[in-house]
Amino acid sequence: MTKGPLIFEGNEKQVFATDHPDQVIFRYKDVTVAYNNVKRARFKGKGALDNQISAILLDYLNRNGVETHFIELLGEKEQLCRKIEIIPLQVVVHNRIAGSLAARLGVEEGFRCPNTVLDLRYNNDELEDPFINRDHAVALGLATYQELDWMYNVARRVNELLVPLFHKAGIELVDMKIEFGRASDTGTIIISDEISPDTCRLWDEATGERMDKDRFRLDLSCVVENYRNVLNRLTEAIKKEE
Ligand code: C5P
């Protein structure tokens with residue numbers, strides 16, 4: 001497999017073509033953004049940590065019957081992925097109510113809800129990723145009702161798999177965002193993008209400390225140190241699984 005030209009550059013990632021028509025290379029950058037790109041910074045080493053954490057989680061999902069775009073880790077900052085056509089939707093899974101949902105519902109940060117709450121957002125920078133419902137998604141032609149049912153079911157399954165895995169690492173998975181795409185080789189809907197401290201809320205079970213992007217959003221210190229801690233603990237948790 002040979003690395004080809006850059007085909008997409010986002011704030012936090014680059015995507016390169018390869019000599020395989022259905023495979024691309026994701027390269028994680030050290031840049032981080034929040035609040036719809038209003039806040040931006042560079043943390044040396046963060047890209048490599050996100051890449052490795054996402055690789056562990058996506059590989060774990062693949063091995064447990066949830067198809068993702070991840071194929072293999074190529075190096076510190078790069079991973080080989082299946083090529084997909086992006087579905088511009090985000091399914092957000094909440095095990096507790098925190099962040100923007102806490103503000104929207106007027107409850108305290110970390111409110112323990114009896115159920116798992118799923119939210120749908122339209123991935124659109126200009127509109128600042130608005131919350132939408134299934135009817136809106138179908139109206140915009142982004143997915144069919146059947147496909148939305150599939151994505152919701154997969155998101156619940158991902159949560160069922162990752163909550164206990166993080167728990168083994170002494171980390172509570174508070175919420176996470178999942179994205180999907182249509183695989184270019186099979187046309188099936190699979191998980192795309194990343195699952196990492198940039199896309200999840202992760203709280204230390206022992207101390208309640210935040211170990212995710214909120215450290216940057218809320219101007220807390222030790223962003224990279226916390227991401228490294230997540231990687232180390234997940235690596236140990238995976239070893240115990242095997
Ligand atoms: O910002 P909000 O509180 O709605 O985020 C809910 C969850 O979705 C958090 O884990 C956050 O990191 C993630 N998220 C994301 N990308 C976005 C918006 C939210 O990964 N564009």
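Contact here means heavy atoms within 4.5 Å.

**Figure 1. Overall fold of the predicted model.** The protein contains six helices and 13 strands. Its radius of gyration is 17 Å, close to the 18 Å that the globule rule gives for 242 residues, so the protein is as compact as a globular protein of that length. The C-alpha trace spans about 50 × 40 × 40 Å along its principal axes. Of the contacts with a separation of 6 or more, 57% join residues 24 or more positions apart. Buried residues make up 52% of the 242 in the protein.

**Figure 2. Packing of helix 1 against helix 4.** The crossing of the two helices is right-handed. Helix 1 contributes Leu57, Tyr60 and Leu61 to the contact, and helix 4 contributes Val158, Leu161, Leu162, Leu165 and Phe166. By residue class, this contact holds eight nonpolar residues, no polar and no charged ones.

**Figure 3. Packing of helix 4 against helix 6.** Helix 6 (residues 223-241) packs on helix 4 at an angle of about 105°, and their axes are 8 Å apart. Because angles of 65 to 115 degrees count as roughly perpendicular, helix 4 is described as roughly perpendicular to helix 6. On the helix 4 side the contact is made by Leu165, Phe166 and Lys168. On the helix 6 side it is made by Val230, Leu234, Ala237, Ile238, Lys240 and Glu241. The residues of this contact divide into six nonpolar, no polar and three charged. Leu165 and Phe166 of helix 4 also take part in the contact with helix 1.

**Figure 4. The loop residue Asn37.** Asn37 lies between strand 4 (31-34) and strand 5 (39-42). Most residues other than glycine have a negative phi. In Asn37, however, phi is positive, near 75°. The residue has a relative accessible area of 32% and is therefore partly exposed.

**Figure 5. The loop residue Asp129.** Asp129 is found in the loop that joins strand 9 (111-122) to strand 10 (131-132). Although Asp129 is not a glycine, its phi is positive, at about 45°. Its relative accessibility is 15%, so Asp129 counts as buried, the cut-off for this class being under 20%.

How values were computed
Residues numbered from 1 in each chain as written. Predicted model: local features only at pLDDT ≥ 70, side-chain atom pairs only at ≥ 80, totals over all residues. Heavy atoms only, no water. Axes fitted to C-alpha atoms, helices over the stretch in contact; angles between N-to-C directions. Helix = DSSP H or I, 4+ residues; strand = E, 2+ residues; numbered from the N terminus. Left-handed = near helix turned anticlockwise from the far one by under 90°. Nonpolar A, V, L, I, M, F, W, Y, C, P; charged D, E, K, R; others polar. Rg over C-alpha atoms; globule rule 2.2 N^0.38 Å. Buried < 20%, exposed > 50% of the residue type's maximum accessible area, 1.4 Å probe, protein only. Parallel < 35°, antiparallel > 145°, perpendicular 65-115°, else oblique.
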